[in-house]
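Subject: Handing over a structure, with notes on what was found

Dear colleague,

I would be glad if you read the notes with the coordinates open beside them.

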Amino acid sequence: TDRTKMEDHEWTVPNLINLSVRDAIEKLALHTSKIKVYGNGSVVDQSPKAFERTRGETECVIYGRTAR
């Protein structure tokens with residue numbers, strides 16, 4: 001099923017630093033629906049870090065400029 005494919009899907013976390021929070025969400029949404037956002041404006045930090053390899057519905061956290 002499509003669900004099984006998503007759970008096993010291996011992907012590289014994109015570099016989201018300096019993107020708008022909206023653009024960052026769009027990039028992450030291609031791979032996972034588990035996205036948490038703190039703050040707004042440009043992305044200043046992210047977890048997992050850029051270019052980490054991960055699998056399936058990984059929870060991703062992005063921090064906008066106003067979050068810190």
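Contact, as the word is used in this email, means heavy atoms within 4.5 Å. Please keep in mind throughout that this is a predicted model.

With that cut-off, Thr58 touches Trp11, Thr32, Lys34 and Pro48, not counting residues up to four places away in sequence. Thr58 is found in the loop between strand 4 and strand 5, and at 15% relative accessibility it counts as buried, because buried means under 20%. The side chain of Thr58 also reaches the backbone oxygen of Arg55, at 3.2 Å.

The open sheet is formed by 3 strands, which follow the order 2-5-3 with mixed pairing. Strand 2 and strand 3 stand at its edges, and each has a single partner strand, so one side of each is left without a neighbour in the sheet. From one strand to the next, the twist averages 20 degrees. Helix 2 lies across strand 2, strand 3 and strand 5, and runs at about 170 degrees to strand 5.

The core

Which residues make up the largest nonpolar core? This core has 9 residues in all, namely Trp11, Val13, Leu16, Val21, Ala24, Leu28, Val43, Cys60 and Ile62. Helix 2 and strand 5 each supply at least two residues of the core, and helix 2 gives the most, with 3 residues. Ala24, one of the core residues, is in contact with Leu16, Leu19, Val43 and Ile62 once its neighbours within four places in sequence are left aside.

A buried glutamine

Gln46 is found in strand 3, which spans residues 43-47, and is buried, with a relative accessible area of 3%. What does the side chain of Gln46 reach at 2.8 Å? It is the backbone nitrogen of Leu16 that the Gln46 side chain reaches at this distance, while the backbone oxygen of Pro48 is reached by the side chain of Gln46 at 3.3 Å. Leaving aside neighbours within four places in sequence, Gln46 is in contact with Val13, Pro14, Asn15, Leu16, Ile17, Val61, Ile62 and Tyr63.

The aromatic pair

A pair of aromatic rings is described by the distance of the centres and the angle of the planes. In this model the count comes to 1 aromatic pair. The rings of Tyr38 and Tyr63 have their centres 5.6 Å apart and their planes at 20 degrees, so the pair is stacked, given that planes under 30 degrees apart count as such. The pair links distant parts of the chain, with Tyr38 in strand 2 (residues 35-38) and Tyr63 in strand 5 (residues 60-64), 25 residues apart. Tyr38 is partly exposed, with a relative accessible area of 40%, and Tyr63 is likewise partly exposed, with a value of 22%.

Backbone points to check

Most residues other than glycine have a negative phi, and most peptide bonds are trans. A cis peptide bond joins Ser47 and Pro48, with omega at about -5 degrees, and Pro48 has its place in the loop between strand 3 and strand 4 (53-55). In that loop, between strand 3 and strand 4, lies Phe51 as well; Phe51 has a positive phi of about 75 degrees although it is not a glycine. Is Phe51 buried or exposed? At 60% relative accessibility, Phe51 counts as exposed, because the term applies over 50%.

Asn18 lies in another part of the chain, in the loop between strand 1 (10-12) and helix 2 (21-29). The phi of Asn18 is near 75 degrees, a positive value in a residue other than glycine, and Asn18 is exposed, with a relative accessible area of 64%.

With best regards

Methods. Residues numbered from 1 in each chain as written. Predicted model: local features only at pLDDT ≥ 70, side-chain atom pairs only at ≥ 80, totals over all residues. Heavy atoms only, no water. Helix = DSSP H or I, 4+ residues; strand = E, 2+ residues; numbered from the N terminus. Buried < 20%, exposed > 50% of the residue type's maximum accessible area, 1.4 Å probe, protein only. Polar contact = N/O pair within 3.5 Å; in protein donor to acceptor, adjacent residues only side chain to side chain. Phe/Tyr/Trp six-rings, centres within 6.5 Å; stacked < 30°, edge-to-face > 60°. Core = buried A, V, L, I, M, F, W, Y, C linked by side-chain atoms within 4.5 Å. Pairing = 2+ DSSP bridges. Axes fitted to C-alpha atoms, helices over the stretch in contact; angles between N-to-C directions.
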